[in-house]
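Let's take a friendly walk through the pockets and backbone of this protein. Have the model open beside you as you read.

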Amino acid sequence: TELYRRVLGDRLPPDARAHSTVGEARRFPLGIASEGVEDVVRDPLYIDEVAGSITCLSDVPQHSVMHILQGRESRLLNVVNIAVADLIALSADANVEHPVALVFDCMSRDKALGDCLPEEFERLRRDLRADFHDCEIGGALGLGEIGCDGSRRPELHNKSLSLGLFYA
């Protein structure tokens, strides 16, 4: 906790104290470095300065190389464009009829996006319907998404957006 507070300085709000929820500190999640892949993000939930610990929603393996991250609204919103472009590319050879998009958005993105969260949903709607005109869209907000590439154990990811397309 001492290093976390020292690195963030004034950006870490005073409400992040012993046995407290971290509030605005969720704008500064921890990234677990893994070779050859993106960091696995862990949102801090509680800071206990007495014990010198930060509690996260999911485990952090011992001896992990960690980064303190900061998501910028514009970069988080660009994830929508990337996800929709990937979805379009994956379905390019398919005859997509009656598409239904399923969106899972991590609730911790709302803290990072702030007032831009409605813009994220509007971008999703606009971009999906640009290529899939009659696309229905549904989904859920969650505390994170579970992901696995098949070569490691499943991980819980925070600050994530997952998008799938079902069609006839």
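## About the model

This is a predicted model, in which local features need pLDDT of at least 70 and side-chain atom pairs count only at pLDDT 80 or more, while totals for chains, interfaces and linings use all residues. Residues are numbered from 1 along each chain as its sequence is written, and side-chain values use heavy atoms, with hydrogens and water left out.

## The largest pocket

Rolling a probe the size of a water molecule over the atoms shows where empty space is left. Here a pocket is an open set of points on a 1 Å grid over the protein atoms alone, where a 1.4 Å probe fits and protein lies on both sides within 12 Å along at least five of seven lines; lining residues have an atom within 4 Å of a point. Points are joined across faces, edges and corners, and the volume is the space filled by probe spheres set on them.

The largest pocket has a volume of about 1,200 Å³. Its lining has 32 residues, and Glu38, Asp39, Val41, Lys159 and Ser160 are the closest to its centre. Helix α2 (73–90) contributes the most, with 6 residues; helices (H or I, at least four residues) and strands (E, at least two) are DSSP runs, numbered from the N terminus. By class, the lining holds 13 nonpolar, 8 polar and 11 charged residues. Nonpolar covers Ala, Val, Leu, Ile, Met, Phe, Trp, Tyr, Cys and Pro, charged covers Asp, Glu, Lys and Arg, and the others, Gly among them, are polar.

## The second largest pocket

The second largest pocket has a volume of about 300 Å³. Its lining includes Thr1, Tyr4, Gly52, Cys56 and His67.

## Strands β4 and β5

β4 runs antiparallel to β5, joined by 4 bridges; strands pair if DSSP finds at least two bridges between them. Proline 44 sits opposite cysteine 56 of β5.

## Positive phi angles

Most residues other than glycine have a negative phi. Histidine 63, in the loop between β5 and β6, has a phi near 65° and is exposed at 79% relative accessible area. Lysine 159, in the loop between β10 and β11, has a positive phi of about 60°, yet is buried at 12%.

Technical notes
Buried < 20%, exposed > 50% of the residue type's maximum accessible area, 1.4 Å probe, protein only.
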